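Welcome to this guided tour! Open your viewer, load the model below, and we will go from stop to stop together.

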Amino acid sequence: MKKIAILSLTAIILITCVCSCASQKNDMPTEVQIKNICELASLECYYNNVARIDKKAEHIFEKDRKQWIEYEGVATIGIDMDKVSMTISGEDITITMPKAQIIRELDLKADSMSYTTSKDGFLNKNKITIEDQKDAIEEAQEKMREEVESNTALFVQAEEDAKKLIENYINTMGEIAGKEYNIIWKQFPQGK
Amino acid sequence: MNVLKAFSLASKTVKNVVFTAIGAVFLVVVLFLVFNKPGGTEITCKSMLKSIEEKSDMSTIEYSYNSIATVYDEKNENVKYHVLYKGTVQAGIDFKKIEIEKNKAEKKIEVTLPEIKITSISVSKKPEDLDYISNKSIKTETFLKEAYTVAEKDLSMKIQGNNALFKAAEINAKNKVEALLKPWVDQMPEYKLEVKTRGDLQ
């Protein structure tokens, strides 16, 4: 009887240790999860844009022409998760994070294009070529990129959202584990 | 002799009872320690909702919307001119209208997001941000007066049926909610998180 009791108790203690260790794994914030959160915090930036062709007449037998090409696209702004790192020292958690950037280039949806064109002349024709359209779209995409890049509010939002989501993650993990973590933010050195 | 036998039997029974009782108490203590660690939080839909509501400032995003509107003559028959404008749209969800359910049978945390709402629309008033295409010459003053109003109406009409913008806003909302609920769901490894929109349910 004694032997059975001792064996049972030993088994219970072992199971307890294994369970505790397994459950403790979920209580600690991990770098992998922080990186996952950074990816989820990225902003899918839809945009509608217009490429413009202003084709001036080169001689009197040509007419000034205009064509606008309207199209949709998407760019993604966020944190490069490969540059995110985390270290834990007691209750202090240091997170190193770079600034937000365009992480997926502006992707134009070819099937969304529509054209608005001024009338051509009867005798003084000035044809708008495929080359003109290609150049105009390239220029419009470049301008849109500049516009996105100059929209600092968008980049600040992407960064702030990532920080808030990471803070939420760490604080909630702390709450669950009965700990109060102290988060220290460090900027990933630029140019690296 | 019988008395001795009975005494020995009773003593064994008492021993068994004591051992069983100690074992049971130990088991209860162990289970209590495993499942009710100090500082532990009971994971409820309410606590998850609270964590989302506290971050409601992340609910909307601004999108760039440059487009073309068409202006017709007074009889609404012929095109007067096309106007090019620069617009911005703010869209997102109301975090307070998110619903969370714990589906114990299917081991799922089911999150239903409300519909995407357009929270603001604006068209640039700067003359350099407005342009036109017309087959007849039009006065710049007349154009500028009319174009802004036309552009604003056009933008609010266009975005209502713009699936791509709503899709992007939906992805952003889904990702944010998933990130906010991650720490909670990580505590329930047997559960899966499923974030749906009202559109998915229809």
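Some ground rules for the tour. This is a predicted model, in which local features need pLDDT of at least 70 and side-chain atom pairs count only at pLDDT 80 or more, while totals for chains, interfaces and linings use all residues. Residues are numbered from 1 along each chain as its sequence is written, chains are lettered from A and ligands numbered from 1 in the order in which they are written, and side-chain values use heavy atoms, leaving out hydrogens and water.

**Stop 1: colour by confidence**

Colour the model by pLDDT, the predictor's confidence in each residue, from 0 to 100. Chain A averages 85, and 85% of its residues score at least 70. Where in chain A is confidence lowest, and where is it highest? The lowest mean, 57, belongs to helix 1 (residues 2-25) of chain A, and the highest, 95, to strand 4 (residues 92-97) of chain A. Now select residues 21-25 of chain A, where pLDDT stays under 50. Where pLDDT is low, the predicted coordinates should not be read in detail.

Switch to chain B, which has an average pLDDT of 83, with 84% of the residues at 70 or above. Residues 37-41 of chain B have a pLDDT below 50. For the complex, the predictor gives an ipTM of 0.76 and a pTM of 0.75.

**Stop 2**

Show helix 2 (residues 31-41) of chain A together with helix 4 (residues 152-177) of chain A. Their axes come within 9 Å and cross at roughly 140°; axes are lines fitted to C-alpha atoms, for helices over the stretch in contact, and angles run from 0 to 180 degrees between N-to-C directions. Helix 2 and helix 4 of chain A are therefore oblique to each other, since angles under 35 degrees count as roughly parallel, over 145 as roughly antiparallel, 65 to 115 as roughly perpendicular and the rest as oblique. Residues making the contact (heavy atoms within 4.5 Å) include A:Q33 and A:I37 of helix 2 and A:L165 and A:Y169 of helix 4.

**Stop 3: A:Q33**

Zoom in on A:Q33. Is A:Q33 buried or exposed? A:Q33 is buried, at a relative accessible area of 15%; buried means under 20%, exposed over 50%, and partly exposed in between (1.4 Å probe, protein chains only). Leaving aside residues up to four places away in sequence, A:Q33 touches A:Y169, B:K182 and B:D186.

**Stop 4: B:I68**

Jump to strand 1 (residues 60-72) of chain B and pick B:I68. B:I68 is buried, with a relative accessible area of 7%. Among the residues that B:I68 touches are A:V50 and A:W68 in chain A, and B:H82 and B:Y85 in chain B.

**Stop 5: two positive phi angles**

Most residues other than glycine have a negative phi. Select B:N76, whose phi is near 65°, in the loop between strand 1 and strand 2 (79-92) of chain B. B:N76 is exposed, at 57% relative accessible area. Finish at B:K107, with a positive phi of about 55°. B:K107 lies in the loop between strand 3 (99-103) and strand 4 (108-113) of chain B, and counts as partly exposed at 39% relative accessibility.

Notes: Helix = DSSP H or I, 4+ residues; strand = E, 2+ residues; numbered from the N terminus.
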